[in-house]
Amino acid sequence: MAPERVLDAADREKSDRRDDARFYARPRFVQHVDKAFRERLADLYAEYLPAGGTVLDLMSSHVSHLPEDVAFERVLGHGMNSEELRANPRLDDSFTQDLNREATLPLEDDTFDAVTIAVSIQYLQYPEAVVAEIARVLRPGGVLIVSFSSRCFPTKAIRAWREATMGERAELVAEYARGTGGFDSPEVVSEKPGIDPFYAVVAGTRSTA
Ligand SMILES: C[S@@+](CC[C@H](N)C(=O)[O-])C[C@H]1O[C@@H](n2cnc3c(N)ncnc32)[C@H](O)[C@@H]1O
């Protein structure tokens with residue numbers, strides 16, 4: 001089933017229209033959110049990601065925020081900079097791909113128990129297509145966790161994101177998941193553990209999908 005379109009052409013615009021590959025060519029060994037956010041995210045992952053399962057960390061970097069005391073069978077990382085991914089101690093393997101150029105993931109159907117996207121979904125110009133791909137590679141009963149805060153690279157975030165309130169952003173992400181038809185009702189988590197507001201959308205795939 002083709003994913004439902006949530007955004008129109010104007011919503012997908014970025015003020016920096018240059019190739020994303022250029023922007024991410026240089027590695028950034030930085031943290032994009034504060035410690036309280038990162039700890040809350042690791043706790044959320046501990047709650048929802050199955051220990052011993054397979055995880056795809058999409059739009060990753062040198063960090064995945066996975067709980068330190070939980071082991072997974074395999075963690076596959078994806079991002080835009082191979083140096084950052086190679087430095088990520090939680091990844092067993094990784095690949096780079098510009099999802100704004102090619103949304104199809106080079107992965108088999110029903111492969112992962114969980115997919116994570118941390119503080120990055122605002123950069124996707126075709127999030128509906130990417131989330132449909134996530135639904136395809138997740139096993140029935142798998143989980144998608146998309147987290148975000150108020151910080152971002154504004155020139156690289158899509159217009160729909162830049163112009164939305166935090167609550168509207170959460171609704172937008174939930175819409176991406178609903179639009180695929182593959183996820184049960186997404187749940188929004190909204191908290192303020194530190195300075196950076198913590199938002200996450202947790203969506204489970206239908207066990208009969
Ligand atoms: C703010 S960083 C977040 C990285 C990491 N998830 C974290 O928590 O630190 C944004 C990430 O989005 C990803 N990204 C941005 N534009 C992308 C694109 N066009 N295609 C694929 N990934 C992209 C890159 O992996 C980049 O590292």
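Reader: What is the bridge partner of Val188 in S7?
Author: Val201. Bear in mind that this is a predicted model.

Reader: How many bridges join S6 to S7, and do they run parallel or antiparallel?
Author: Five bridges, and the two strands run antiparallel.

Reader: What is the strand order in the sheet?
Author: S3-S2-S1-S4-S5-S7-S6. That is seven strands in an open sheet, with mixed pairing.

Reader: Which strands stand at the edges?
Author: S3 (93-96) and S6. Each has a single partner strand, so one side of each is left without a neighbour in the sheet.

Reader: And what does the twist average?
Author: 15 degrees from one strand to the next.

Reader: Now helices. Which strands does H4 touch?
Author: S1 (54-58), S4 (112-118) and S5. H4 packs on the sheet, and its direction makes about 140 degrees with that of S5.

Reader: Which strands does H6 touch?
Author: S5, S6 and S7. H6 also packs on the sheet, at about 15 degrees to the direction of S7.

Reader: How many residues has H6?
Author: 15, residues 166-180. H6 reaches 22 Å from first C-alpha to last, close to the 21 Å expected.

Reader: Which residues of H6 are buried?
Author: Among them are Arg169, Leu172, Val173 and Tyr176. The buried residues of H6 also pack against helices H4 (127-137) and H5 (159-162).

Reader: What comes just after H6?
Author: Gly181, with a positive phi of about 75 degrees.

Reader: Switching to the ligand. How many residues surround it?
Author: 16, and the closest are Ser61, Gly79, Leu99, Ala118 and Ser120. By class, the shell has eight nonpolar, six polar and two charged residues.

Note on methods: Residues numbered from 1 in each chain as written. Predicted model: local features only at pLDDT ≥ 70, side-chain atom pairs only at ≥ 80, totals over all residues. Near = placed C-beta within 6 Å. Nonpolar A, V, L, I, M, F, W, Y, C, P; charged D, E, K, R; others polar. Helix = DSSP H or I, 4+ residues; strand = E, 2+ residues; numbered from the N terminus. Expected span 1.5 Å × (residues − 1). Buried ≥ 20, exposed ≤ 12 C-beta atoms within 10 Å, placed from the backbone. Contact = placed C-beta atoms within 7 Å. Pairing = 2+ DSSP bridges. Axes fitted to C-alpha atoms, helices over the stretch in contact; angles between N-to-C directions.
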